[in-house]
Amino acid sequence: MDLIKIGKFIKQLRVNKGFTQKDLSDKLMVSHQAVSKWENGETLPDASMLLDLSELLNTNVDMLLHGGVYLFSGRGVLHIKEVIQSFNNIKEIKNTFGENSTFYKGMIDGINNKMNIDFEDALNNHLEILVAEVLLQSMANDNKYVLEEEVNGYFSNEKVKKIVLNEIAKIKCIL
């Protein structure tokens, strides 16, 4: 463990939350000197307070103990650009084989039946919702994780963004 890196991460999160060292120490019922020692990489927080500290700083213990590095306990990261590229690949299959080909129709029928949607309509008219649906299913069923920064940068629909971010927050609490 890199105590300096962990300390810098704790300090960064504390400052981002608008807490002074005293604020954080009061909330955790430790001395402000203890917080200072964590942030300077001299010591680590006691294991008994890691969950409370993580909650106060809006992170998880895994992230805290790795100094802000995403280690998802076996979860793979699904990037939004990969989802979009996959959708473009489906469009390419349509262009290559033709929209009336048995292969393309079978693929689209399978997606429509499995997801209970009109995939082509969603792809052409409701892309953000389709991307959100794929992200949510991947997080729930395929052990994937989605980066908050990508969600914040991609979605313009605030309601859809909030739904995806809420699911990410649930996963972070589990990790």
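Q: How do the axes of helix α6 and helix α9 cross?
A: In this predicted model, the axes of α6 (residues 80-97) and α9 (residues 127-141) come within 11 Å and cross at roughly 115°. Axes are lines fitted to C-alpha atoms, for helices over the stretch in contact, and angles run from 0 to 180 degrees between N-to-C directions. Helices are DSSP runs (H or I, at least four residues), numbered from the N terminus.

Q: Is α6 roughly parallel or roughly perpendicular to α9?
A: Roughly perpendicular. That label covers 65 to 115 degrees; under 35 is roughly parallel, over 145 roughly antiparallel, and the rest oblique.

Q: Which residues meet there?
A: From α6, Ile-80, Val-83, Ile-84 and Phe-87. From α9, Leu-127, Leu-130, Val-131, Val-134 and Leu-135. Contact means heavy atoms within 4.5 Å.

Q: And Val-134, what does it touch?
A: Val-83 and Phe-87, leaving out residues up to four places away in sequence. Val-134 and Ile-80 are 54 residues apart in sequence and 9.6 Å apart in space, C-alpha to C-alpha.

Q: What are the ground rules for the model and the numbering?
A: Local features need pLDDT of at least 70, side-chain atom pairs count only at pLDDT 80 or more, and totals for chains, interfaces and linings use all residues. Residues are numbered from 1 along each chain as its sequence is written, and side-chain values use heavy atoms, with hydrogens and water left out.

Q: Switching topic. How many aromatic pairs?
A: Three. Rings of Phe, Tyr and Trp (its six-membered ring) pair if their centres lie within 6.5 Å; planes under 30 degrees apart are stacked, over 60 edge-to-face, the rest tilted. One of them is Phe-97 with Phe-103: centres 5.2 Å apart, planes at 50°, so tilted.

Q: What about Tyr-154 and Phe-155?
A: Their ring centres are 4.9 Å apart and the planes sit at 85°, so that pair is edge-to-face.

Q: Is Phe-155 buried or exposed?
A: Buried, at 4% relative accessible area. Buried means under 20%, exposed over 50%, partly exposed in between (1.4 Å probe, protein chains only). Tyr-154 is partly exposed at 25%.

Q: Back to the backbone. Where is Met-29, and what is its phi?
A: Met-29 is in the loop between α2 (21-28) and α3 (32-39). Its phi is near 60°, a positive value in a residue other than glycine. Most residues other than glycine have a negative phi. Met-29 is exposed, at 77% relative accessibility.

Methods
Helix = DSSP H or I, 4+ residues; strand = E, 2+ residues; numbered from the N terminus.
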